[in-house]
Amino acid sequence: MSKGQDRIDTNRRGDQDASGLRRGWTTGACATAATRAALTALLTGRFPDPVSIRLPRGETPAFALCRQTLNDGGAMASIIKDAGDDPDVTHLAEIVAMVRSGKAGAGLSFHAGEGVGMVTRDGLPIPPGEPAINPVPRQMIREVVEALAGEHGIAADFAVTIGVVDGARLAEKTWNPRLGIVGGLSILGTTGIVHPFSCASWIHAIHRGVDVARAAGVTHLVGPTGSASETAARRLLPHLPDLSFIDMGDFVGGLVKYLRTHPVDRLTIAGGFAKMTKLAQGAMDLHSGRSQVDLRFLSALAHRAGGDHAVMARIEAANTGKEALDLCQAAGIDLAAPVATEAQIQASALLRGAPVAIDVVVTDRGGRIIARAE
């Protein structure tokens, strides 16, 4: 068992959500708990271990400490983040809080330690020039500091520095570089709890990507479903900046719905044939576990494109969307074009009149563009 694993709070192992998967804690919750432990030691000379905090929805988890130090200059405590069964890049990362006394009357200040990024672009919840510690974690930390200071009859004049061990390397696996968060990770979380394979967290990231792009004056966004379709879209639209490319993944609905109230001039949706087929069918979550290709739908499109009943029967007996596409290509039938058209119609309808022009790009498995509806 690793150092990280043996310092995860054993009292909460097996804490599961409705899906049977184990929940975890956000970096914001871990940073808050580490801050509470460090400030308690600074005020009393002793570290609480485990240390408990209250989350925004009332839960009171306890966290085991990984490291702690106390000296005349301040106190440091760290916690190993447990993301539960979520494939989170920060799972088992060490979240560090250093607390020092500040100048009298200065109040609470936040600082980025090693591995926490600095915000450099507009459009994020935190303004440029500030450490990438999001509003809810800041509020959680503020409440802890003010409560402890109040218990000791002193002002909450403290400097809190949050860091993540190896955070700069971990941040390379996130959207942070594209969003203009430089030097490390963000301290995130709105509830303090990580739900496994959270759709909400991905959609939240999509929204922040849109916000940053709009704040930078970007008027044309691209929502690819994966790396192959993003590469194809970049070849098609080489003039667009990196900020135009939103890592949409399977959540086309999450992106398009956000554009209803946060519009840009144009959105290009790019994806493989099967995923664009699901969008054409009206699915707004393209994950294989939540939507499936309807071969009868493809059969009807093929018939409209000139396919006879024999081709329709072979499509309906196919195993996959790709096999249906291959059958049509062999028969000289362009099935990708009507898929692109229907996908564009469905996505545009979801805008409910918002002034965004949508076009759809369909790629094959090699990333070659095989259809576009404008």
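A charge is taken to sit over an aromatic ring if NZ of Lys or CZ of Arg is within 6 Å of the ring centre and within 35 degrees of the ring normal. In the predicted model described here, R234 meets this description, since it lies over the face of F245 at 4.1 Å from the ring centre. The structure also holds two aromatic pairs.

The protein consists of 374 residues, of which 52% count as buried. Its secondary structure comprises 13 helices and 15 strands. Along the principal axes, the C-alpha trace spans about 80 × 45 × 30 Å.

The largest pocket has a volume of about 1500 Å³. Its lining is made up of 48 residues, and those nearest the centre are D88, L188, S201, W202 and A205. Four elements, α3 (135-151), α5 (176-179), β11 (193-194) and α6 (199-215), each supply at least two residues of this lining. The greatest contribution comes from α6, with seven residues. By residue type, the lining of the largest pocket divides into 22 nonpolar, 17 polar and nine charged residues.

The second largest pocket holds about 400 Å³ of space. It is lined by 21 residues, and G272, F273, A274, K275 and R365 are the closest to its centre. Helices α7 (227-236), α9 (273-280) and α12 (321-330) each provide at least two residues of the lining of this second pocket. Of the elements, α12 gives the most, with five residues. The lining of the second largest pocket comprises six nonpolar, ten polar and five charged residues.

Burial was then considered for individual helices and residues. A residue counts as buried when its relative accessible area is under 20%. In helix α8 (residues 252-261), seven of the ten residues are buried, so the helix is largely enclosed by the rest of the structure. The buried residues of α8 are V252, G253, G254, L255, V256, Y258 and L259. The elements that cover these residues include α6, β12 (220-224), β13 (266-272), α9, α13 and β14.

T35 lies in helix α2. With a relative accessible area of 0%, T35 falls under the 20% cut-off and is therefore buried. Beyond residues up to four places away in sequence, T35 touches A97, V99, I141, V145, V160 and I162. L298 lies in helix α10 (residues 295-304). This residue is also buried, because its relative accessible area is 0%. When neighbours within four places in sequence are left aside, L298 is in contact with F273, T277, V293, I315, G321, A324, L335 and V339. One of these contacts, F273, is also among the residues closest to the centre of the second largest pocket. From C-alpha to C-alpha, L298 and G102 are 66 Å apart in space, and 196 residues separate them in sequence.

Most residues other than glycine have a negative phi, and most peptide bonds are trans. The peptide bond from D49 to P50 is cis, with omega near 10°. P50 is found in the loop between α2 (27-44) and β2 (51-52).

A positive phi occurs at L92, where the value is near 70° although the residue is not a glycine. L92 is placed in the loop between β5 (74-80) and β6 (94-101). With a relative accessible area of 29%, L92 lies between the limits of 20% and 50% and is therefore partly exposed. R352 likewise has a positive phi, of about 55°, and is not a glycine. The loop that holds R352 runs between α13 (336-350) and β14 (357-363). R352 is exposed, because its relative accessible area of 67% is over 50%.

Conventions. Residues are numbered from 1 along each chain as its sequence is written. This is a predicted model: local features need pLDDT of at least 70, side-chain atom pairs count only at pLDDT 80 or more; totals for chains, interfaces and linings use all residues. Side-chain values use heavy atoms; hydrogens and water are left out. On a 1 Å grid over the protein atoms alone, a cavity is a set of points where a 1.4 Å probe fits but cannot get out, and a pocket is an open set with protein on both sides within 12 Å along at least five of seven lines; lining residues have an atom within 4 Å of a point. Grid points are joined across faces, edges and corners, and a volume is the space filled by probe spheres set on the points. Ala, Val, Leu, Ile, Met, Phe, Trp, Tyr, Cys and Pro count as nonpolar, Asp, Glu, Lys and Arg as charged, and the others, Gly among them, as polar. Buried means under 20% relative accessible area, exposed over 50%, partly exposed in between (1.4 Å probe, protein chains only). Rings of Phe, Tyr and Trp (its six-membered ring) pair if their centres lie within 6.5 Å; planes under 30 degrees apart count as stacked, over 60 as edge-to-face and the rest as tilted. Contact means heavy atoms within 4.5 Å.
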